[in-house]
Amino acid sequence: MAQQLLMPKATAVWLVDNTALSFEQIATFCKLHPLEVKAIADGESAQGIKGLDPIATGQLSRDEIARAEGNPNHKLKISEPKVRVPDNKRKGPRYTPVSKRQDRPNAILWLVRNHAELKDAQISRLVGTTKSTIEQIRERTHWNSTNLTAMDPVTLGLCTQIDLDLEVERANKGRPLPTAAELGATLEASKETEKLPFSYEREEEKEIDADAVFSKLKALKSDRKDEDEDNAF
């Protein structure tokens with residue numbers, strides 16, 4: 001497996017600021033266009049990106065940079081990693097422990113109900129079952145259909161949430177977006193709403209009688225004056 005450069009643009013920022021490499025050398029190493037590297041050098045691009053030291057990350061050596069600085073035709077080569085992590089490639093169906101195999105039908109029922117977009121092959125990969133079992137559960141012909149209870153395979157420990165999300169993303173890739181009818185929209189069409197009568201009733205403003213207002217104020221003042229006199233005694 002070919003080594004991949006970590007954060008190419010951040011690495012390009014560091015190489016522009018700390019080396020005498022040409023734009024073409026940096027662009028070739030970071031898989032960028034030379035004009036993009038030139039824009040980084042001019043401050044027109046990647047202004048908010050902090051440079052990543054490829055020497056500190058072990059992806060370039062000082063000797064390799066010095067060799068490229070001395071020879072404009074030299075192409076930078078990424079350093080070999082000191083530790084190789086084996087690829088986690090799983091061949092064949094997923095292994096399910098014996099103690100959890102009885103939960104697989106419940107997990108299949110949950111997937112069929114909650115993720116109808118998943119194909120049989122995807123469900124088979126997630127819970128380690130066969131297509132015939134999936135078909136039986138879909139068609140309710142499984143020998144134990146009456147006792148099955150839909151249960152999340154992640155909760156049962158048959159697969160991880162990451163694996164489930166990945167399969168759902170693959171199933172939904174390229175599918176058209178749901179229409180308003182599929183989403184259960186209840187809004188009426190614009191043609192219908194345009195025909196509805198529109199009325200706006202405004203309450204008539206009442207004329208204010210100044211004499212009535214002042215008479216009420218005088219009555220309030222007299223009441224308060226009487227109360228004060230009563231309290232004095």
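Predicted model: local features only at pLDDT ≥ 70, side-chain atom pairs only at ≥ 80, totals over all residues.
1. Phe214, Leu217 and Leu220 together make a nonpolar surface patch of about 310 Å². Leucine 220 is found in helix α11, which covers residues 210-232.

2. The protein chain has 11 helices and 0 strands. Read from the N terminus, the order of elements is α-α-α-α-α-α-α-α-α-α-α.

3. Some totals for the chain follow. Of the 233 residues in the protein chain, 28% are buried. The accessible surface of the protein chain comes to about 18,200 Å², and carbon and sulfur atoms account for 52% of that surface. Among contacts with a separation of 6 or more, 63% are between residues 24 or more positions apart.

4. How many residues of helix α5 are buried? In this helix, residues 104-114, the count is 8 of the 11, so α5 is largely enclosed by the rest of the structure. The buried residues are Pro105, Asn106, Ala107, Ile108, Leu109, Trp110, Leu111 and Val112. Their cover includes α6 (120-127), α7 (131-138), α8 (153-156) and α9 (161-172).

5. Threonine 129 sits in the loop between α6 and α7. Its relative accessibility is 12%, and threonine 129 therefore counts as buried. Apart from neighbours within four places in sequence, threonine 129 is in contact with Arg104, Ile108, Ile123, Ser124 and Ile134.

6. Glutamate 80 lies in another loop, between α4 (62-70) and α5. Is glutamate 80 buried or exposed? Glutamate 80 is exposed, at a relative accessible area of 55%. The C-alpha atoms of glutamate 80 and leucine 60 are separated by 8.9 Å, and these two residues are 20 residues apart along the chain.

7. A search of the whole structure finds 6 salt bridges. One of them can be described through glutamate 36 and lysine 9, whose side chains meet at 2.9 Å, N to O. This pair links distant parts of the chain, with glutamate 36 in helix α3 (residues 34-41) and lysine 9 in helix α1 (residues 8-18), 27 residues apart. Glutamate 36 is partly exposed, with a relative accessible area of 26%. Lysine 9 also counts as partly exposed, at 29% relative accessibility.

8. A salt bridge is also formed by aspartate 120 and arginine 138, with the closest N and O atoms 3.0 Å apart. The two residues are 18 residues apart and link distant parts of the chain, aspartate 120 being in helix α6 and arginine 138 in helix α7. At 34% relative accessibility, arginine 138 is classed as partly exposed.

9. Which residue forms a salt bridge with arginine 125? The partner is glutamate 167, and the closest N and O atoms are 3.0 Å apart. Arginine 125 lies in helix α6 and glutamate 167 in helix α9, so the pair ties together parts that are 42 residues apart in sequence. Arginine 125 counts as partly exposed at 34% relative accessibility, whereas glutamate 167, at 7%, counts as buried. Through salt bridges that share partners, Arg125, Glu167 and Arg170 are joined into one network.

Methods:
Residues numbered from 1 in each chain as written. Heavy atoms only, no water. Patch = residues over 30% accessible without salt bridge, like charges linked within 9 Å, V, L, I, M, F, W, Y side chains within 5 Å. Areas by Shrake-Rupley, 256 points an atom, 1.4 Å probe, with all protein chains shown as cover. Salt bridge = Lys/Arg side-chain N within 4 Å of Asp/Glu carboxyl O. Helix = DSSP H or I, 4+ residues; strand = E, 2+ residues; numbered from the N terminus. Buried < 20%, exposed > 50% of the residue type's maximum accessible area, 1.4 Å probe, protein only. Contact = heavy atoms within 4.5 Å.
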